[in-house]
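Please read the points below alongside the sequence and the coordinates.

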Amino acid sequence: VATLVDGGDRYPAHLLKTVKSYDNTQVVYAYEPEPVSSIEISGSTLEAVKKGMGMVVTEGTVRSIFSSCVVSAGAKTGSAQTSNETDNGVFVCFAPFDDPQIAVAVTVERGGTGTAMANVAVDIINAYFSQSAGSNAVVGEGTLLQ
């Protein structure tokens, strides 16, 4: 999903964005990723896919769940069929819709439909974009938690 909504560029997974000086006043290193691969997709095809994913959260099966989302988003529900067992639930989404910054994928073995995973994705998006993500939120950078 991240590759798709980024226009086809796939970047490597990473955890480090910046390294700051001991007193937190200077950035001594900033990670600047380079795409590791690209897929070819026309602008019109990308817009059609994004429009459909946007409709899933505004008019579709997860509309009521995404009504509590703090930013606009696009999503796709699904299920991966298994033999003689409950299907695996699959749900992917991205947010904000107009300027994607985060992509979320939730898969649960024998979880049924992807719609059942939407609540988890909304919680992740809300935590990512909310100023106060809860009682365990880190107030400032460079703070050692003990």
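The numbered points that follow go from the overall fold to individual residues.

1. The structure is a predicted model, and its local features are reported for residues with a pLDDT of at least 70. Side-chain atom pairs are counted only at pLDDT 80 or more.

2. Overall architecture. The chain contains four helices and seven strands. Followed along the sequence, these elements run in the pattern α-β-β-β-β-α-α-β-β-β-α. Of the 146 residues in the chain, 26% are buried.

3. The largest pocket. The largest pocket holds about 840 Å³ of space. It is lined by 20 residues, and those closest to its centre are His-14, Pro-100, Gln-101, Ile-102 and Tyr-128. By class, the lining consists of 13 nonpolar, three polar and four charged residues.

4. Elements that build the pocket. At least two lining residues come from each of α1 (2–5), β1 (9–10) and β7 (102–108). The largest share of the lining, three residues, is supplied by α1.

5. His-14 at the pocket. His-14 is among the residues closest to the centre of the largest pocket, and its place in the chain is the loop between β1 and β2 (18–20). Its relative accessibility is 40%, so His-14 counts as partly exposed. The C-alpha atom of His-14 is separated by 8.8 Å from that of Pro-33, a residue 19 positions away along the chain.

6. Gln-101 at the pocket. Gln-101 is another of the residues closest to the pocket centre, and the loop between β6 and β7 contains it. With a relative accessibility of 47%, Gln-101 counts as partly exposed. Gln-101 and Val-5 are 96 residues apart in sequence, while their C-alpha atoms are 9.5 Å apart in space.

7. A nonpolar surface patch. Which residues form a nonpolar patch on the surface? The patch is made of Leu-16, Val-19, Val-28 and Tyr-29, which together have about 340 Å² of accessible area.

8. Tyr-29, at 40% relative accessibility, counts as partly exposed. The C-alpha atoms of Tyr-29 and Thr-18 are separated by 5.5 Å, although the two residues are 11 apart along the chain.

9. The salt bridge. How many salt bridges does a search of the whole structure find? The search finds one. It is formed by Arg-110 and Glu-85, whose closest N and O atoms are 2.8 Å apart. Arg-110 lies in the loop between β7 and α4 (118–129) and Glu-85 in the loop between β5 (74–80) and β6 (88–95), so the pair ties together parts that are 25 residues apart in sequence.

10. Exposure of the two partners. Are the residues of this pair buried or exposed? Arg-110 is exposed, with a relative accessible area of 51%. Glu-85 is partly exposed, with a relative accessible area of 43%.

11. Backbone features to check. Most residues other than glycine have a negative phi, and most peptide bonds are trans. A cis peptide bond, with omega of about -20 degrees, joins Ala-95 and Pro-96. Pro-96 has its place in the loop between β6 and β7, and Gln-101 is found in that loop as well.

12. Positive phi values. Asn-24 is not a glycine, yet its phi is positive, at about 65 degrees. The loop between β2 and β3 is the place of Asn-24, and the residue is partly exposed, with a relative accessible area of 31%. Arg-110 likewise has a positive phi, near 55 degrees, in a residue other than glycine.

Notes:
Residues numbered from 1 in each chain as written. Heavy atoms only, no water. 1 Å grid on protein atoms, 1.4 Å probe; cavity = no way out; pocket = protein on both sides within 12 Å on 5 of 7 lines; lining within 4 Å. Points joined across faces, edges and corners; volume = space filled by probe spheres on them. Nonpolar A, V, L, I, M, F, W, Y, C, P; charged D, E, K, R; others polar. Patch = residues over 30% accessible without salt bridge, like charges linked within 9 Å, V, L, I, M, F, W, Y side chains within 5 Å. Areas by Shrake-Rupley, 256 points an atom, 1.4 Å probe, with all protein chains shown as cover. Salt bridge = Lys/Arg side-chain N within 4 Å of Asp/Glu carboxyl O. Buried < 20%, exposed > 50% of the residue type's maximum accessible area, 1.4 Å probe, protein only.
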